[in-house]
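Here's a walk through one model, from the whole chain down to a single side chain and the spaces around it. Have the viewer open and follow along.

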Amino acid sequence: MRDHIHSPSARRDAQDSLSRHAIRRSRGTALLSVLLAVAALPASAQQAATRNAGEVMLDPITVKGLSLGSGLDLRAHSNAGSRLGLSVLQTPASVQVIEAETIRQRGQRDVNQAIVQNGTGISFHGSPGNGGTSFSMRGFNGHGSVTRLYDGTRLYPASGTISFPFDSWNVERIEVLNGPASVLYGEGAVGGAINIVPKRPLTDRSRNEIRATLGTDGQRGLALGSAGPINEVLAYSIDVSGTASDGWLDRNDTSSRSLSAALRWQATEDLALTLSHDRGDNRPGTYFGTPLVDGRIDERVRRRNFNVEDALVRYKDSYTQLRAEWTPADNVTIRSNSYYLASDRNWRNVEDYLYRPDTGDVLRQFYIAINHDLEQVGNRTDATISTTPGGMENTTTIGFDVNRITFRNTNNSPYPGESVVDFPNPRPGLFGPHQMATTADTTTDQYALFLDNRLKINEQWSVVGGLRHDNLRVTRVEPAFTRSFDSVSWRLGAVYSPLPDVAIYAQYSRAAEPIGNVLSLSQSQADLKLAKARQQEIGVKFAFLDGRGDATLSAYRIVKNDLLARDPDDPAITRQIGQQSSKGIEAAVGFDVAPNLRIDVNGALLSPRYDDYVQSGGDYSGNRPPNAPRRVANIWGSWAFAEDWTVRAGAHYVGEVFTNDANTTSRPSYTVVNAGLQWVPRDNMSLDLNIYNLTDRLYATSGGSNQWLLAPPRSAALDLRIAF
């Protein structure tokens, strides 16, 4: 895919790259000039409704004055912790809602940035090969332990690969549940669940906006959004965006396009139907890491790409859904969501680089070419019923979830080939001819029955519980076999509110986790069972300073059994043995220090470990699992230091992590600092300068003992946003 604004050629050569960059800059300047001209139109030429907060949903940039962001909001309602529509304060779990305005104010155009830099206790360990969406939460890593959802629908990873959605422009909010979420979303999610909620139709107000971006390393982008009522029964929303970059290192152009559109029809007073379609086309770059020299990065190769010249990483996703919401009675709401998801994922790369000190060169191995074709069709239907037994408020949601996922993996396994390149100045070469064969062809049928209930005993006490039964049936074509997995997950929690803005809670939950990747289940895994997990958690949530501040504090312990491990006596055999656990404390606080100054801080201290884990390579009991930091923290500050001006700064800290089970190699801790300056020259316009990695910190987010995936160096971008 190439960006629909200005896309770099698939193959650049040194002779014409400078002239093309000049053309891009001139086009970008022209685009900004047009937008500034639109903003300068007299108010009579713009929609008068943009100045009426009662008629239009006004983004803070459309109001004279500045927004400092929201941070925590305990009164926000979220489906991350239950299907009962509870607020964060009412939910006996660690739940966080990251609003779109907070994401925008902090310059987080990438969904992954928004998750880790705002969420409590979340760190990123992804790479292009796994879609760049692998996270660590509460000491557990990867897509099997941290479930990703889109608009409440679980996205099933194929060979650990999910990239959609990636652009925060289309996002209304991000909901995060820390801790096991199997009772809500099925097997998996021992560490947590992340639900990305897209923008949808507005029935009582309008939204029209445009954003243009120019930045270093050839960053450029354009985004448009509009939503509102068409008439008394129809409402719409549409958001499109396109971005591109020349990349911060050799041969690493990136580009993406995304679309989110929906039409809502109020068919009757009691029935509403919403048809939506979301699409993403993403090329995140072909950089897979930098080889280490004596366990460190040589700064001479910080901007070198050791992949081949014709490398490819591309993800195309589309998601169509029809939602129905029917209220046959005042105390009954029935919701049904039918959806179809299609994903096409392609990559062709050399992904392993080993520096050889004896020869001073780099050995490249694993020439990997892969194509994934995935289709998911399903329906989720539930009914919520409110009653008052014995004068107590009782809310119950009962429903079912069904899915069919077909997956075909075609690749050049067993990934033959190797090459040697110069270390300081590698000549990339080409991938070369290769043959593809289907290595996995599966159909997975899933169904689940679930129940959620909240009993409000009185104004101070409430009890929340959930129960879910899941069944997975995997059918593989070659080798031919069928395997079924069952799991029962449940949760029971209580909330005590001694004051209206204070909630003390405790909960116990049971969860299940898949064996490797369910969609590409191998015959050797067919006789294994789902891993089991349990969690105890206590916490407190409260508002203070007359509602100007919110805080949360939680403590937990999670234990997971039946880990996959190689048999010590026969490494060819995989068995389910051992136990892994994690315990820790998470805290978050956000408050307005003064009318023009706000601070938001969150952090996690945790202790993950293998309690009992004997592998073919040794006994790793007592060691820390790879990619599980002991400390993660975020801090953000916003200061409106003058009329129409706001400065912001934030820091994201991730502690040291080990890169193997033996704990003999590690990646160091890092702190990345971002900053921004916002100017609001008109009621309907803002100009934001965002600087990323302000200190130009050299750090890695993933990688093993031979190579690390480096994060981008310092960069800057200018965003012009106009509401009209």
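Helices (H or I, at least four residues) and strands (E, at least two) are DSSP runs here, numbered from the N terminus. Leu271, for instance, sits in strand E13. This is a predicted model, where local features need pLDDT of at least 70 and side-chain atom pairs count only at pLDDT 80 or more, while totals for chains, interfaces and linings use all residues. Residues are numbered from 1 along each chain as its sequence is written, and side-chain values use heavy atoms, with hydrogens and water left out.

Zoom out for a moment. The chain has four helices and 38 strands. Take the contacts in the chain (heavy atoms within 4.5 Å) with a separation of 6 or more: residues 24 or more positions apart account for 67% of them.

Back to Leu271. Its 24% relative accessibility is why it counts as partly exposed. Leaving aside neighbours within four places in sequence, Leu271 touches Trp265, Gln266, Glu325 and Trp326. Thr333 is 62 residues away from Leu271 in sequence, yet the two C-alpha atoms are 9.8 Å apart.

On a 1 Å grid over the protein atoms alone, a cavity is a set of points where a 1.4 Å probe fits but cannot get out, whereas a pocket is an open set with protein on both sides within 12 Å along at least five of seven lines; lining residues have an atom within 4 Å of a point. Points are joined across faces, edges and corners, and a volume is the space filled by probe spheres set on them.

The second largest pocket holds about 1200 Å³ of space. It is lined by 37 residues, with Asn79, Asp151, Arg173, Arg323 and Glu325 closest to its centre. Several strands give two or more residues to this lining, among them E7 (171-178), E13 (271-283) and E15 (312-329). E15 gives the most, with four residues. By type, the lining of this pocket has 17 charged residues, eleven polar and nine nonpolar (nonpolar: Ala, Val, Leu, Ile, Met, Phe, Trp, Tyr, Cys and Pro; charged: Asp, Glu, Lys and Arg; polar: the others, Gly among them).

E1 and E7 pair in the antiparallel sense over six bridges, and Glu99 stands opposite Arg173 in E7. Five of the six residues of E1 are buried.

What supplies the largest share of the lining of the second largest cavity? That would be E1, with four residues. This cavity takes up about 210 Å³, and twelve cavities of 30 Å³ or more turn up across the whole structure. Nearest its centre, out of 20 lining residues, are Ser94, Val95, Gln96, Thr120 and Thr552.

Last stop: an open sheet of three strands, ordered E2-E3-E4 with antiparallel pairing. Strands E2 (122-124) and E4 (140-141) are the edges, each pairing on one side only. E2 and E3 (135-137) share three bridges, and Ile122 stands opposite Met137 in E3.

Conventions
Two strands pair if DSSP finds at least two bridges between them. Buried means under 20% relative accessible area, exposed over 50%, partly exposed in between (1.4 Å probe, protein chains only).
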